[in-house]
Amino acid sequence: MSGDVTVVGGGVIGLTTAIVLAESGRRVRVWTRDAAEETTSAVAGALWWPYRIQPEGLVGDWSIASLRVYEKLAARPEETGVRLVAGVQAGERLTRLGPWAAQVEGLREARARELPPGYDCGLWARIPLIDMPVHLAWLRRRFEAAGGTLETRTVGGLAEAAEEARVVVNCTGIEARRLVPDDHVRAVRGQLVLVENPGIEEWCTAVDHASARTTYFFPQPGRLILGGTADEDDWRLEPDPATAEEIVARCALIRPEIANARILGHRVGLRPARTEGVRIEAGPLPGGGLLVHNYGHGGAGVTVAWGCAEAAARLVP
């Protein structure tokens, strides 16, 4: 066999897992169907925050482990794509969060003047906001610097990878539904609008947990990302013009200057949710190999990437 480990999947989960394994001294290859800039991860907003992910009992530790990594990477934002940016989670309270919240430095109840119109509560935080195209490119460079190799390759089944490595790590996201197969994997469609930034420096989210519609804007270098949607079992990849208009209108209710911002583009991504929660576990492969699963991260793949990578790597002998 030509390598110790083959990681299948080249999004943020696959690349971070591959880095942890490679930097521990293993020979690692990543097989990815799509270039990093074409994966679901590239579409992400991407604000660090545990969102639409289970199981609750594990998510906090995974999230905080990842937060500590991002806090260090934020010292080199141009290189890593990670910045610490202030903003408000409208409609949220500290009492609704898990124990992990106590470990987020500076997280507090928002003051009345910091809240968007129509909200009487919220949380202020200065947390990682990640420019995903830059970050994915940095992850790839770090992986290759650790001796890893990346191959663009379509995989018909996980057994195919098992023929060439004694350990296979499944980080295929939404494709796990077909490759495992796992009927618990579901698409949660997210649509975004990219506009010229009219001078907004802080992010804002206003999530209605009872609705598939969310409202948020994230200032990224060269653009402002507007969102969004969370449509379960919706596999459409084409942007819907009416939905885009609604997204802009909702964001403009909070910051009116967004209404006249020039549109730069539209994005759609399918969040790889799993009704049974994130799956990190190991099992046998034909011929005596080992299959390690690391998928089902829903809308929080970036938030838990490093914590889940460490957890998956601990299952590799």
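**A walk around helix 9**

Start at C308: with 0% relative accessibility, this residue counts as buried. Here, buried means under 20% relative accessible area, exposed means over 50%, and partly exposed is anything in between, using a 1.4 Å probe and protein chains only. Keep in mind that this is a predicted model, where local features need pLDDT of at least 70, side-chain atom pairs count only at pLDDT 80 or more, and totals for chains, interfaces and linings use all residues. Residues are numbered from 1 along each chain as its sequence is written, and side-chain values use heavy atoms, with hydrogens and water left out.

C308 is one of the buried residues of helix 9. Helices (H or I, at least four residues) and strands (E, at least two) are DSSP runs, numbered from the N terminus. Helix 9 is largely enclosed by the rest of the structure, because 12 of its 13 residues are buried.

What do the buried residues of helix 9 pack against? Their partners are helix 1 (12–23), helix 3 (56–73), helix 5 (132–145), strand 5 (122–130), strand 14 and strand 15, where contact means heavy atoms within 4.5 Å.

Those last two strands deserve a look. Strand 14 (residues 279–284) and strand 15 (residues 290–295) run antiparallel, joined by 6 bridges; strands pair if DSSP finds at least two bridges between them. I280 has N294 in strand 15 as its bridge partner. Between the strands of this hairpin are 5 residues, and G287 takes a positive phi near 85°.

Now for the interior. A nonpolar core is a set of buried Ala, Val, Leu, Ile, Met, Phe, Trp, Tyr and Cys residues joined through side-chain atoms within 4.5 Å. The largest one has 67 residues, and V7, W48, Y70 and V169 have the most contacts inside it. Helix 9 gives the most to this core, with 9 residues. Looking beyond neighbours within four places in sequence, W48 touches residues including I64, L67, Y70, W100 and T303.

Finally, the cysteines. How many disulfides (pairs of cysteine sulfur atoms within 2.5 Å) does the structure hold? It has 0. C121 is in none, since the nearest cysteine sulfur, that of C204, is 12 Å away. C308 is in none either, with the sulfur of C171 the nearest at 9.5 Å.

Note on methods. A disulfide is a pair of cysteine sulfur atoms within 2.5 Å.
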